Amino acid sequence: MNADPVFVSCAVTGGMSVPSQSAAIPVTPEQIADAAVGASQAGAAIVHIHVRDPESGKPVADLELFRDVVAEIGERCDAIVQPTTGGGVGMTIDERARVVTELRPEMATFNCGSFNFGIFKVRHRPEMAPWEIEYLEGTRDYVFRNTFSDMERLSELFREARTKPEYEVYDTGHVYNLAHLADAGLVDFPVHIQFVLGVLGANAATLEQLLHMHRTAVSLFGDRFTWCTAGVGYPAEFHLAAAALTMGGHVRVGLEDNLRVELARRAGSNAELVEKALALAALLDRTPADAAQARELLGIR
Ligand code: KMH
Ligand code: ZN
């Protein structure tokens, strides 16, 4: 009997955390590439990439850093390398899209709406540098901007580059925003939707909210979508993974979203989080899909 294939995506570093939150967060291009290759070896089919200033670890969106990291991962493993188009504060959508237009990756993230994105509740640690505290506190005033005009422009740029979007939806309204883009003829089906739950400023990481958002997507798109969950925090990451595994979805884990592998144990690496997700998959009779199978499931060129 064939078990239902599931792919695991690993978000290895993130753009909304500071390095002193965990020594395991990769910072330099080499560390980020090593983390991605490690996640791939542990069974991740997709690696989701942000870059950081190699000296300070501050999240940045430098195209040359992306170019190096994406190239190195591509040389060292077969994973689908998925850069973010989240960009950095103050960047225009064309600047944020340069990872797509210049690097033409097979997949990249596409954020489906504007919302507050607060990480100021992260506990201050003695080892944090002044800029890290300032960065966390600064998010009390941070709006993650993805206006309709941004999304329309981004849709065109993804199409030109032939990059498969992973549509990030953080709240129910974002699913309707995606339907609006589809009505405007800016979306190619089947789409791949990432339900990102647990961001302060968007939706809560509860089973009820996941079910509501998933049901909303079914009502709008029928069976013309694949989907994945990304639960932010612990145990949300694994609770949503278990829900996705039960419901036929795919799973994202990684230090971008969560720093713990167990309640009382911080993750030492991204690979450890992938291993736990795959252990859960095995318990729930889902078969791990490698990168080649994930490309098939996603309809990637
Ligand atoms: N940079 C964050 C505000 C993505 O990777 O596409 C959102 C983010 C999403 O990290
Ligand atoms: Zn990201």
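Visitor: How far is an oxygen atom of ligand 1 from an N or O atom in the side chain of T84?
Guide: This is a predicted model: local features need pLDDT of at least 70, side-chain atom pairs 80 or more, and totals for chains, interfaces and linings use all residues. Residues are numbered from 1 along each chain as written, chains are lettered from A and ligands numbered from 1 in written order, and side-chain values use heavy atoms, leaving out hydrogens and water. A polar side-chain atom of H50 is 3.0 Å from a ligand 1 oxygen, and one of E256 is 3.5 Å from a ligand 1 oxygen. For T84, the distance is 2.6 Å.

Visitor: How much of ligand 1's accessible area does the protein cover?
Guide: On its own, ligand 1 has 300 Å² of accessible area (Shrake-Rupley, 1.4 Å probe). Residues around ligand 1 include H48, N111, F144 and Y170. The protein's cover comes to 96%.

Visitor: Which pocket does ligand 1 take up, and what is the volume of that pocket?
Guide: Ligand 1 takes the space of the largest pocket. The lining holds 47 residues, with M16, S17, F117, I119 and E256 closest to the centre. Strand 5 (59–60), strand 7 (107–111) and helix 5 (130–138) each give two or more residues to that lining.

Visitor: Which residues lie nearest the centre of the second largest pocket?
Guide: That pocket holds about 330 Å³ of space. Its lining has 20 residues, and nearest the centre are T163, K164, P165, D188 and G299.

Technical notes:
Near = heavy atom within 4 Å. Polar contact = N/O pair within 3.5 Å; in protein donor to acceptor, adjacent residues only side chain to side chain. 1 Å grid on protein atoms, 1.4 Å probe; cavity = no way out; pocket = protein on both sides within 12 Å on 5 of 7 lines; lining within 4 Å. Sits in = over half its atoms within 2 Å of the grid points. Helix = DSSP H or I, 4+ residues; strand = E, 2+ residues; numbered from the N terminus. Points joined across faces, edges and corners; volume = space filled by probe spheres on them.
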